[in-house]
Amino acid sequence: MTEPYDLITMGRIGVDIYPLQTGVPLAQVETFGKFLGGSATNVAVAAARLGRRSAVISRTGRDPFGDYLHQALRDFGVDDRWVTPVAAHPTPVTFCEIFPPDDFPLYFYRRPTAPDLVIHPEELDLEAIAAARIFWITGTGLCEEPSRSATLAALEARAKAGPTVFDLDWRPMFWGGEGGASGDGGATGAAAMATARPYYEAALRHATVAVGNLDEAEVATGLRDPEACARALLEAGVELAVIKQGPKGVLAVHRDGRTAEVPPTPVEVVNGLGAGDAFGGALCHGLLAGWDLEVMMRYANAAGAIVATRLACSSAMPTADEVGAFLAER
């Protein structure tokens, strides 16, 4: 086996088709840009931009969009050896609308299923997963078989050998709810959350870090108070709970009693969709560096804020120099 990776992520990959016009409904948009996307993939890109050796476990269609994603991963310095083709399903695409500062509807084209949900347990390189300095999984990976079994098998093989991050990543539509991203899933939200919760609980038993916003934490815990959510996540098995609270900043609580509550960094938002993934990549960077909890949260907040000022997700991920300069100005 090669030298262990700093970070291996497992989950969604796809093509983001984003409007090059802001404040315009999708039906009226005339020009679009094409970008590498998918939350787990964006986190790997974010970490690579910060100098970390990262890889993604995922699948694409056997089509030109799949070829594009492989090339984009290589261009970003992310190892694509575990991104394999599925002939039966096309590479997913995701459209969005951009209404700054806080309305960015997402439209996922992933039916009848997405290739990244056709990851089988027997295909996993469990030795590499166990050896990675950080392993990252998402809630989306639990929504369907065989990805669900593969994700749980990877966590079991990992056996908390090092930081093992569960990105709570709640997408109601993947669980029978409504809506395109976080949120309660409309009229069907409660049923979708109830369906997801046992699988979230199973994953939390194998994770050391849980990260998500309040909607996502509610799926995992049934609670909405940030401190109560954090405590419930610790009781579920993790060592560090990170609750993103939007305009109220971020709360981090460690099992050893350390806490950090960091306010947001005000910026002029262009597109908020990639900010959470930038936060995740920076969080991994801080965990690998062994930073103090508050320092790590401030750095991750800064990385997310930078991406929120840019149009794209993957190509917007900042370098360490950019994050450093951003923090120095505040």
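Two strands count as paired here if DSSP finds at least two bridges between them, and the strands (E, at least two residues) and helices (H or I, at least four) are DSSP runs numbered from the N terminus. This is a predicted model, where local features need pLDDT of at least 70, side-chain atom pairs count only at pLDDT 80 or more, and totals for chains, interfaces and linings use all residues. Residues are numbered from 1 along each chain as its sequence is written, and side-chain values use heavy atoms, with hydrogens and water left out.

**View 1. The open sheet of 9 strands.** Follow the order S5-S4-S1-S8-S9-S10-S11-S12-S13, with mixed pairing. Strands S5 (78-86) and S13 (259-262) sit at the edges with a single partner strand each, so one side of each has no neighbour in the sheet. From one strand to the next, the twist averages 15°; axes are lines fitted to C-alpha atoms (for helices, over the stretch in contact), and angles run from 0 to 180 degrees between N-to-C directions.

**View 2. Strands S1 and S8, with helices on the sheet.** S1 (residues 7-10) and S8 (residues 134-138) pair in the parallel sense over 4 bridges, and Ile8 stands opposite Phe135 in S8. Helix H4 (residues 147-158) lies across S1, S8 and S9 (164-167), running at about 155° to S8. Helix H9 (residues 293-308) packs on the sheet too, touching S11 (240-244), S12 (250-254) and S13, at about 30° to the direction of S13. Contact here means heavy atoms within 4.5 Å.

**View 3. The open sheet of 4 strands.** This one reads S3-S2-S6-S7, again with mixed pairing. Its edge strands, S3 (32-37) and S7 (106-109), each pair on one side only. Neighbouring strands are turned by 25° against each other on average, direction ignored. S2 (residues 14-19) and S6 (residues 93-96) pair in the parallel sense over 3 bridges, with Asp16 opposite Thr94 in S6. Helix H2 (residues 64-75) lies across S2, S3 and S6, at about 65° to S3.

**View 4. Two cis peptide bonds.** The bond from Pro100 to Pro101 is cis, with omega near 10°, and Pro101 is in the loop between S6 and S7. From Glu145 to Pro146 the bond is also cis, with omega near 5°; Pro146 lies in the loop between S8 and H4.

View 5. Ala159 counts as exposed at 54% relative accessibility, while Lys160 is partly exposed at 34% (buried is under 20% relative accessible area, exposed over 50%, partly exposed in between; 1.4 Å probe, protein chains only).
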